[in-house]
Amino acid sequence: MPILLGMLPIVAAALAQLASIPEPPKASSENMLEVGSIIRIQALELETNKFALRVMAAVLAFVAVTSGIGTWLIGRRTAVRSAWANGQYFSRPVTLLATVTIITVIATLFVEYPVALPQWLGIFGIIAIFAFCISSFVIHMTLLTDHYKITFFPILLIFSALIAAFNLNDNHTARSLDKDHQAAAPSILKDAGDVFIDWLKRPDRLAYAKRPETPRYPVFIVTAQGGGAYAAYNAAVFLARMQDLCPAFRHHLFAVSSVSGGSIGAATFAAALNVDMSQTGAAQQAGAPESCPQIVRFLLKERAIQGLGKPGIIEQRVNDVLEADFLSPLVGATLFPDFTQAFIPYPVPQFDRARAIEYALEAAGRKKLGDDASSAKGQTLLEQDYFAHWDSQKSSPALLLNATDAGSGKRVVIAPFQLTDSQKFNDELCQLADSTDTSDAEIQDPISAKAEGRPTLTGVALPLSTAAFISARFPWVSPAATVAINNPCFGNRKIRKVRLVDGGYLDNSGVETALDLIKKIKASAETARDKDASIPQIDIHLISLTGGDFPTRSSFAFDDLLEPIRALMSGREARAYIALNRAKVSMVESAVSTSASFQRTDLRSIFYRLPLGWSLSAKTRAIIGHESGRYWDCEPGSSYVQTRPFLSNSDCIQMNVHFRINGSMGAAIDDLKEAKKFKSDFVSEANTSPKVDHEKLLGCYEEWWDGQQKEAWNTRYLGSTRARLIGSLSYQHQYFSYYQAEQIRDLLREWDRLNEKNLNVLAYVMAALSLDTSEFRRVAEVMSFDTVADLNRVWGKDLTAIDAENSHKNPPLPPIDRKILLNNAKQPARVVWQNKFGNKNNDDTWNYRSRGLFQIVGREQYARMTKWVGYDFISNPDAIWNRRASARVAFAHYLTWPSQSSNSRPIDLIRGDKPDWAAARVKNTDGEHDNVDEIVKRSEMFAGCIRAAPPLSGR
């Protein structure tokens with residue numbers, strides 16, 4: 001039996017490997033696994049894990065069997081000696097002292113090195129050492145019990161129970177700042193409405209609201225749901241990615257209301273943002289012209305944006321911090337110092353297991369963020385006083401950390417300002433702050449409150465890491481935090497302490513606190529504006545980072561035993577979604593709003609349940625990263641929310657934030673309405689049967705493209721075997737974005753409706769378009785420039801020729817001032833296309849600018865396509881942005897336009913059994929003629945992919 005018990009952990013680990021094999025999603029939509037879907041990307045990335053997990057399970061099973069057999073064989077030979085040795089050592093009281101000394105030394109090491117030691121040992125190492133220690137102690141006590149006929153175990157257990165019953169060893173007091181790091185004076189909490197007005201009156205915010213395009217100041221409140229490490233990573237990555245995309249975001253983000261793991265993520269984001277402000281300063285102001293430069297460049301469609309999805313500076317920082325192992329320090333402290341505390345009749349704060357995970361977060365911050373230049377003590381923000389993270393003149397969000405009072409069941413908020421007008425026992429929201437209110441009244445009387453004034457609230461001095469983990473204390477994993485407090489909201493004034501647990505017990509969304517804050521700052525803004533017209537009007541937008549939905553029943557088993565537990569757990573979980581529904585209803589749109597002011601993300605667990613522990617694998621972080629916003633995959637509906645169920649809601653939230661900050665949401669909605677009309681113009685015809693399998697063709701193309709990327713990557717590591725191995729391991733597979741895939745699908749849909757059946761034609765057209773559009777990512781001529789050098793790289797020869805022509809006019813015209821052509825796309829268009837391609841005026845140069853899969857330019861070419869396509873592009877030039885329209889124009893060009901040197905069409909050169917791809921490219925009319933070898937290679941590739949993708953039968 002002992003051998004079997006010894007094998008059990010290894011067998012359990014083997015079974016865990018099998019249980020971790022990701023299951024394929026049960027497709028709720030036939031499009032879920034199509035090319036470009038993030039679900040498909042996740043499935044492909046996890047595919048490699050299946051084999052590795054099966055191999056690891058087999059290895060562990062083999063180890064379990066061989067170790068069991070080996071132990072049994074060795075035991076048979078050494079049974080007598082082992083029994084004698086055990087008797088000699090474990091039956092003597094003096095050796096018990098040696099064992100206790102060893103255990104004490106080990107526990108002391110875990111106290112002295114609460115992070116480095118457990119992270120070095122790992123979970124299995126810690127458990128193995130604990131098993132060794134506890135089994136040694138148990139053997140001692142068992143043999144001593146037999147020898148002295150005294151039941152030592154019941155005595156120890158009763159002793160421990162008495163200590164706990166009289167609360168003699170509560171070492172879980174929330175860690176306070178030491179004297180060297182405490183503020184000179186306690187933090188007095190000001191009213192939330194008053195500090196919001198101070199925040200709003202910062203000069204750059206006032207200047208922003210004076211711009212004609214942004215008469216109302218957009219204010220963002222974010223809520224972050226609980227859920228352990230995955231919720232922490234989700235919150236941190238979403239906020240960091242939003243900040244990297246839109247440097248002005250920090251000036252509009254007023255607060256983050258978070259719960260449990262979401263609080264850890266919010267605190268990590270604040271710390272990373274604080275380092276950025278310390279190193280570079282907050283140079284980007286609220287009124288900066290390009291608040292989200294990367295999104296602006298993408299929307300212009302002029303360039304293939306390189307590095308889409310590559311983490312920015314802030315995202316890389318939070319990723320570096322949160323990839324650390326927080327679970328091992330927690331387990332180590334639980335099994336050694338905190339376990340020891342159970343038998344000591346006085347509290348030893350250093351034995352508190354909650355401190356270990358706080359230290360782990362701070363250590364990760366020191367290692368990855370470096371010393372914070374804003375702190376005279378050289379600490380990161382995570383180690384500093386909670387109240388150091390926010391000031392009304394800073395550009396960092398206020399962190400509202402939600403917890404639950406275990407005594408009253410009330411919602412408790414750690415906030416840098418006062419959220420309520422009173423702190424009475426009957427108030428439903430308590431703040432973790434000392435109050436000057438000494439009355440015993442349960443309810444604040446409005447008249448007396450006005451006469452007497454509000455009580456003064458003084459914040460409790462805690463490190464930011466401690467404050468964040470108070471919100472994330474889910475017993476029995478983490479202990480309830482004991483905090484000394486003098487606040488009538490918590491009840492009995494004589495006790496003056498509370499125990500706080502995870503905020504998810506009451507509201508796992510953080511939404512209730514956010515709604516309380518929104519109500520308060522709205523009222524304050526309206527009152528302040530009545531007194532001071534310079535204060536801008538505001539639009540408040542609530543973004544909720546959440547996942548899942550109301551719980552659903554999965555079993556009816558053990559009704560009498562389990563139904564009460566199911567009801568409690570389901571009720572706790574449902575409260576978060578009740579709050580989310582209330583937010584959706586209560587966030588009423590203002591008179592000028594053009595989209596919903598409440599949006600929520602939806603972090604999905606498609607392949608396996610996201611872990612609630614405090615350690616995440618790289619694959620899990622990648623899954624969360626895919627769900628945390630890819631703005632380029634936003635397929636918006638009428639109110640600019642994501643319409644595709646297999647894409648992330650975060651995609652369109654990023655676009656929403658961009659339009660809100662830039663004051664262009666109204667124009668974006670108008671563009672959507674126009675795009676909807678164009679879509680109906682080009683897709684109203686009945687669907688036709690596909691001539692090829694679109695998804696197989698797309699998958700083949702994507703695989704070839706990824707191979708090209710990998711080949712280019714590997715050339716960087718030519719040389720030693722070690723260098724090639726490093727290159728191979730570090731390569732990240734490339735996948736088509738959804739917008740790329742949809743551009744290709746619409747091209748194939750147009751192919752399906754054509755009478756043309758020669759597949760070489762399709763192969764050549766796809767080869768030419770893929771090359772000329774940088775893999776279907778660039779569909780407009782570059783007209784936007786930040787520097788003269790950039791302008792000259794694209795239009796230098798044309799501008800020089802125009803200058804030469806102007807110099808010969810009578811009178812001569814001066815050279816074109818290149819600087820006036822910067823940051824204004826219409827100006828270069830007017831200069832380079834004026835009186836060309838049939839353009840009659842300046843409006844023509846912009847309306848008929850070069851765009852489309854096959855780019856047409858000028859009134860003359862738009863008119864020609866009007867004739868060939870049968871759609872009025874002269875009256876509706878923006879219709880070319882429609883993917884189906886663009887595809888139709890591309891096919892019209894290749895199938896209709898003759899060669900420059902004859903009336904024959906270049907496309908006819910590739911119709912035979914031996915297509916002349918190169919000649920077709922060279923004789924292309926009004927298009928690109930170069931890169932002939934690349935065209936040949938791509939044409940052959942597409943021809944092969946088309947042959948491998950025959951049409952599906954029955955479609």
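In this predicted model, helix 24 and helix 25 are roughly antiparallel to each other. Their axes cross at roughly 150°, and an angle over 145 degrees counts as roughly antiparallel. Helix 24 spans residues 738-753 and helix 25 spans residues 759-772; the two axes come within 12 Å. The crossing of helix 24 over helix 25 is right-handed. Helix 24 contributes Ile744, Leu747, Leu748 and Trp751 to the contact. From helix 25 come Leu759, Val761, Leu762, Met766 and Leu769. By class, this contact has 9 nonpolar residues, with no polar and no charged residues.

An open sheet is formed by 3 strands in the order 1-8-7, with antiparallel pairing. Strand 1 (188-189) and strand 7 (433-435) stand at the edges. Each has a single partner strand, so one side of each lacks a neighbour in the sheet. Strand 1 is joined to strand 8 (residues 457-459) by 2 bridges, and these strands run antiparallel.

Strand 2 covers residues 216-224 and is mostly covered, with 8 of its 9 residues buried. Strand 2 pairs with two other strands in the parallel sense, strand 11 and strand 3. Strand 11 (residues 537-545) is linked to strand 2 over 9 bridges. Here, tyrosine 217 has isoleucine 538 as its bridge partner in strand 11. Strand 3 (residues 253-259) is linked to strand 2 over 5 bridges. In that pairing, alanine 255 of strand 3 is the bridge partner of isoleucine 221.

Key:
Residues numbered from 1 in each chain as written. Predicted model: local features only at pLDDT ≥ 70, side-chain atom pairs only at ≥ 80, totals over all residues. Heavy atoms only, no water. Axes fitted to C-alpha atoms, helices over the stretch in contact; angles between N-to-C directions. Helix = DSSP H or I, 4+ residues; strand = E, 2+ residues; numbered from the N terminus. Parallel < 35°, antiparallel > 145°, perpendicular 65-115°, else oblique. Left-handed = near helix turned anticlockwise from the far one by under 90°. Contact = heavy atoms within 4.5 Å. Nonpolar A, V, L, I, M, F, W, Y, C, P; charged D, E, K, R; others polar. Pairing = 2+ DSSP bridges. Buried < 20%, exposed > 50% of the residue type's maximum accessible area, 1.4 Å probe, protein only.
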